[in-house]
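Here are a few exercises to work through with the model open beside you. Have a go at each task before you read its solution.

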Amino acid sequence: MINCLYCQKPLKIMIDLKDNKFTCKDCKKEYNLGLNNKLMTVSCKNKKINFLLNDISSCSDKLSNNTIYDLYTKGYVKCTKVLNQIYNEHYSNWEMPLNSIKDLIVQKAENSIKELDNNIRRIQSSEESYTCSKCGNTYPFEKAVNNNFSCMICSSQLKPFNKNDEIKNINSSISFLNNNIASLSRGWC
Ligand SMILES: [Zn+2]
Ligand SMILES: [Zn+2]
């Protein structure tokens, strides 16, 4: 569980885009939040947690409206409409429930690991020995020869397919995802 370092409640961060302020929903204490190349870092009191948001598209140092909307559509940010009584206007409240984000990242990573495991099994059992470097399509030797070693889909040149290299690459992706899950379960560091 990722708890607030001040009030110890499960940390939900309220995002104030106008002032670029990030506060605990419960005790209103301030946190730092940075986004750099899909890596979101929440920090405070010399402690931090990294969240790798693999599936977001736009990101920069500062949270922009575009980034918030992207985070929202990917399920990382919740939006509640609040009525401002004075102006009789609705405005959006952006909330980042860190524990849900953690669960979501772990779930997405576990799904990817399953897919990668399947890829390994598929590669191990396949007889395909040539691959297209552009579109990734694979061919058995005979088919590759018959088509002059060019891809039947995109006409790019085929290259020999090295099962071991391919499996090594996939395994390193799997351990990267596993490390990511482990660091999230450790929590603040
Ligand atoms: Zn708090
Ligand atoms: Zn191709």
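**Exercise 1.** Work out how helices α2 and α4 are oriented to each other: roughly parallel or roughly antiparallel?

*Solution.* Bear in mind that this is a predicted model.
- Start with the axes: those of α2 (residues 98-125) and α4 (residues 163-186) come within 10 Å and cross at roughly 165°.
- Now bring in the cut-off: angles over 145 degrees count as roughly antiparallel.
- The two helices, α2 and α4, are therefore roughly antiparallel to each other.
- To see who does the touching, look at α2, where the contact residues include Lys102, Ile105, Val106, Ala109 and Ser112, along with Ile113, Leu116, Asn119, Ile120 and Ile123.
- On the α4 side, the contact residues include Lys163, Glu166, Ile167, Ile170 and Ser173, along with Ile174, Leu177, Asn180, Ile181 and Leu184.
- As for handedness, the crossing of α2 past α4 is left-handed.

**Exercise 2.** Find the strand order in the open sheet of three strands, and say which strands are at its edges.

*Solution.* 
- Reading across the sheet, you get β9-β8-β10, with antiparallel pairing.
- The edges belong to β9 (138-139) and β10 (158-160), each of which pairs on one side only.
- Next, zoom in on β8 (residues 130-132): three bridges tie this strand to β10, and the two run antiparallel.
- As a reminder, strands of a sheet pair through backbone hydrogen bonds.

**Exercise 3.** Two residues, Gln8 and Phe149, have a positive phi without being glycine. Where does each one sit, and is it buried, partly exposed or exposed?

*Solution.* 
- Take Gln8, whose phi is about 65°.
- Gln8 belongs to the segment before β1 (12-16).
- Gln8 has 11 C-beta neighbours inside 10 Å, so it counts as exposed.
- Then take Phe149, with a phi of about 55°.
- Phe149 is found in the loop between α3 (141-146) and β10.
- There are 14 other C-beta atoms within 10 Å of Phe149, so this residue is partly exposed.

**Exercise 4.** Which domains does the domain assignment give for the chain, and what distance separates their centres?

*Solution.* 
- The assignment gives domain 1 (12-97) and domain 2 (107-176).
- Taken over C-alpha atoms, the centres of domain 1 and domain 2 are 39 Å apart.

Methods: Residues are numbered from 1 along each chain as its sequence is written. Chains are lettered from A and ligands numbered from 1 in the order in which they are written. This is a predicted model: local features need pLDDT of at least 70, side-chain atom pairs count only at pLDDT 80 or more; totals for chains, interfaces and linings use all residues. Domain bounds come from an automatic or database domain assignment. Two strands pair if DSSP finds at least two bridges between them. Helices (H or I, at least four residues) and strands (E, at least two) are DSSP runs, numbered from the N terminus. A residue is buried if 20 or more other C-beta atoms lie within 10 Å of its own, exposed if 12 or fewer, and partly exposed in between; C-beta atoms are placed from the backbone. Axes are lines fitted to C-alpha atoms, for helices over the stretch in contact, and angles run from 0 to 180 degrees between N-to-C directions. Angles under 35 degrees count as roughly parallel, over 145 as roughly antiparallel, 65 to 115 as roughly perpendicular and the rest as oblique. A crossing is left-handed if the near helix is turned anticlockwise from the far one by less than a right angle, and right-handed if clockwise. Two residues are in contact if their C-beta atoms, placed from the backbone, lie within 7 Å.
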